[in-house]
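User: I would like to know what the labels attached to this structure rest on. Please set each value against its definition.

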Amino acid sequence: MKFNYRVVLLIIATVFGLFFSYPSFTQSSEGKKITLGLDLQGGLHMLLGVKTEEAVNSQIKALASGMKHFAEHNDILIEGLSVQEGKVAFELLDSDDAKAVDEHLKTLEGTIVHANEGKYSVSITPEAVEKLKLQAVDQAIETIRNRLDQFGLAEPTVAKQGLDKILVELPGIKTPEEEQRARELISRAAKLELMAVDEDRAMRVNDLSNAEALSFGDVILEDALAPEVKHLVNEIPILDGTMLTDAQVGYDQNNRPVINFSLNAAGAQIFGDFTGKSVGKRLAIVLDGKVYSAPVINERIGGGSGQISGNYSVAEANDLAIALRSGALLAPIYMMEKRSVGPSLGADSIKASMVALIGGFVLVALFMIVYYGAAGVVANIALVVNLALILAVMALFGATLTLPGMAGIVLTVGMAVDANVIITERIRELIRQGYSVRKAIEAGYDNAMRAILDANITTLIAAVVLYVYGTGAIKGFAITISIGILASMLTAILGTHGIYQMLENRMSKSKTPGKYFGIKG
Amino acid sequence: MELFKAARSIPFMGKSKIAIIISIIMVLGSYALIATKGFNFGIDFVGGTIVQVKYEGTAPIDEMRTRLSGNAMFEGSSINEFGSPDEVVIRLKSSSESVTQDIGDAVREKLAGTGQFEIRRVDIVGAKVGSELREKGIMSLTLAMIGILIYVAFRFEWRFAVASVLALVHDISIAMGAIALIGLDVNLDVLAALLTVLGYSINDTIIVFDRIREGITDSKETSLVDIIDESITKTLSRTTLTSLTTLLVVVVLFLFGGEIIHAFAFTLLVGIGVGTYSSIFVASPILQWFGFDVKNYRAKLSQKAARQAEKERLRAQFEQGVV
């Protein structure tokens, strides 16, 4: 027998297809498997936006806070330090200090300083603003990733999409409650601030409006445990969570969970300086704009560690510690798109599409055999190999199988036999015209080839466009359809041709070769 | 088995006028439907929220409605059965930006105590994402058509390309008309189905055009109408059979694929049906009306062949060192 490269290729394709699709069927732990999309296995998909302008605002606040510390540390008298319209404004009382202040301001990068007769205004350059915004997105991605890694979910995905969007995918989520907990962890600002209580006006806190408070350089904050209790604190914090080095869950004397945090050297220095100066006054521990406690300072606190107490459950304290450790979000995030599927719905979808796949396959296979006889069997062999190939290629490339992707496979069953229908129809035509089987097969494949190629390439164009412009699950459809088309070229054209060449001698000997193609004669 | 055994070609082109009139009525009717009734855009394209809830036993739809009424957040919400009496889908026009406490959580809390239920799906799409997806959708349909147009023009001739794209516009228009008529939720999956219809329908048309191309180059027939009739007749078996196998699986998908895949399968069902019709009755007549002239085309082809032969002759001479 002559070497039949087509049959060899078909056999290779079959072995390849079965070998690499096998792990996906058995879900064995070895070998590459197809990943199921979130719509099939259940899970949470979110597209998050970042409010980058908030990062700029907090940077300006940090500037003010730095200025305050600088002035206090060097005994420089400034007045009216405030943040207005994206600028830090203050007045220098003693012009002798001007040189020191100017020197200090020069060390701040990306700022524009206006000074007029001791009145200073410091703002951030547009370039620095842009940079801050980009940083805020990258920092949010990094922070969310850190938090999710510590949360202990299987295979979380956190990726940048476009310039300022974040894609978060959590396959392991089982219940709405679990999902909400994960969302809380992700979105928590975890902004820790240590603020000085304005003892001079603290008595009047309930009579002050926000604007009045602001005019004294104060803000009114809610108590975290008792929202009706208000605290009046200095607007500009003493220090914030950027100087945090660690946060761990601990227990207080009543065995309630608390969070112990420690500060880095610079933070410890500032903290020590402040507590040393403010004995007898109160220090507010503020987390995400709420006051968790405001203990009286009894003595200078060195070492740079502190404690946050609240009415936490252990899980809450744990999540909060994770959030504090992985750092604050520079800018708040917001939900742009969310798709969440429960595992039971995913399982139902798999079941339904398997029924459709098997049902569709059986119907098409039966139809092909009834209509084309032996040629139908050959086409069906090609179809089975085609399906195995789709799964194998997807498994190898780590592609994700989604519900629309399943529909794509079902559709491929219908469309893949197309090539064989075209070819068999051609062969029938030629046999009717009196060609020998051998010639009919060769000419049939030759003639059909061009049409199949053109038809498949145009379909592929539509599929590629769908892949480029489609999002999420729809991309999965484009993938299965494309692989299906390409695989069908191999199995339905090359493969079946090879099988026919193998059978050629037997068919030629038959007096009625047409019967192999489902016709008389 | 054989279903199509026409010994002589069937005079399809003789019926083309009637076919085109039917097509024009269908297309215009579709546009009228789209203009008056409009699409029922789903959350993918306009933003909003979908919550799918499964109850143990029949879902208390009336009670759910009362629970969700009288709150601005849930205004314009609709609650419908989804596939079976114990499963419902709540559609809300609004979406929420909060990550911690979203509109899905709000619905869950509101429904607490209405019975044993499980929230199986929450989809929230913000308005901004919706409009982005809409733009991308229109873009993808247009680009796919342009891509096909260029490819067919390259492989055949411009008149073939324009005829096939017009046939595509015809198919997509009627499929969209049917979507508007039924009031199907238009989401990304429907868009995917429309693009599949594009790919499928062009596939059919090309098989017919390929035969016409073959008839033009290989046969002695000079009448385009006769060539077209013969080509359609010869491919009729294939056209209907493949449509049949594809329709078989789509019907199975429609019946058993589950509620989520319904709109997708419906669009395919209509689109593939219309696509089959159009590759027989719409694409080819357009080709004729564009004044495609067989003699001219053959003359051009032989000129091209002659140029090619001349080039090869020169090259051969060059290689042999004659020139």
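User: What makes the angle between helix H6 (residues 158–182) of chain B and helix H9 (residues 262–281) of chain B come out at about 145°?

Analyst: This is a predicted model, and the angle is computed from it. The axes of H6(B) and H9(B) lie 9 Å apart. Angles run from 0 to 180 degrees between N-to-C directions, so direction counts in the value of about 145°.

User: How do you know which residues make the contact of H6(B) with H9(B)?

Analyst: Two residues are in contact if their C-beta atoms lie within 7 Å. From H6(B), the residues of the contact include Ala167(B), His170(B), Asp171(B) and Ile174(B). From H9(B), Thr267(B), Val270(B), Gly271(B) and Val274(B) are among them. The crossing of the two helices, H6(B) and H9(B), is right-handed.

User: How do the residues of that contact divide by class?

Analyst: The contact of H6(B) with H9(B) has 7 nonpolar, 6 polar and 1 charged.

User: Why are E4 and E6 of chain A called paired?

Analyst: Two strands pair if there are at least two bridges between them. Strand E4 (residues 87–92) and strand E6 (residues 119–124) of chain A have 4 bridges, so they are a pair, and its sense is antiparallel. In one of these bridges, Glu91(A) has Lys119(A) of E6(A) as its partner.

User: What makes E3 and E5 of chain A edge strands?

Analyst: The sheet is open, with 4 strands in the order E3-E4-E6-E5 of chain A and antiparallel pairing. Strand E3 (78–84) and strand E5 (111–116) of chain A each pair on one side only. Neighbouring strands of this sheet are turned by 15° against each other on average, direction ignored.

User: How do you know that E18(A) pairs with a strand of chain B?

Analyst: The cut-off is at least two bridges, and 5 bridges join E18(A) to strand E5 (residues 117–125) of chain B, so these strands are paired. They run antiparallel. Ser340(A) has Val122(B) as its bridge partner in E5(B).

User: Which element gives the most to the side of chain A that touches chain B?

Analyst: H10(A) does, with 15 residues. The contact takes 66 residues from chain A and 64 residues from chain B. By class, the side of chain A has 40 nonpolar, 15 polar and 11 charged residues.

Technical notes. Residues are numbered from 1 along each chain as its sequence is written. Chains are lettered from A and ligands numbered from 1 in the order in which they are written. This is a predicted model: local features need pLDDT of at least 70, side-chain atom pairs count only at pLDDT 80 or more; totals for chains, interfaces and linings use all residues. Ala, Val, Leu, Ile, Met, Phe, Trp, Tyr, Cys and Pro count as nonpolar, Asp, Glu, Lys and Arg as charged, and the others, Gly among them, as polar. A crossing is left-handed if the near helix is turned anticlockwise from the far one by less than a right angle, and right-handed if clockwise.
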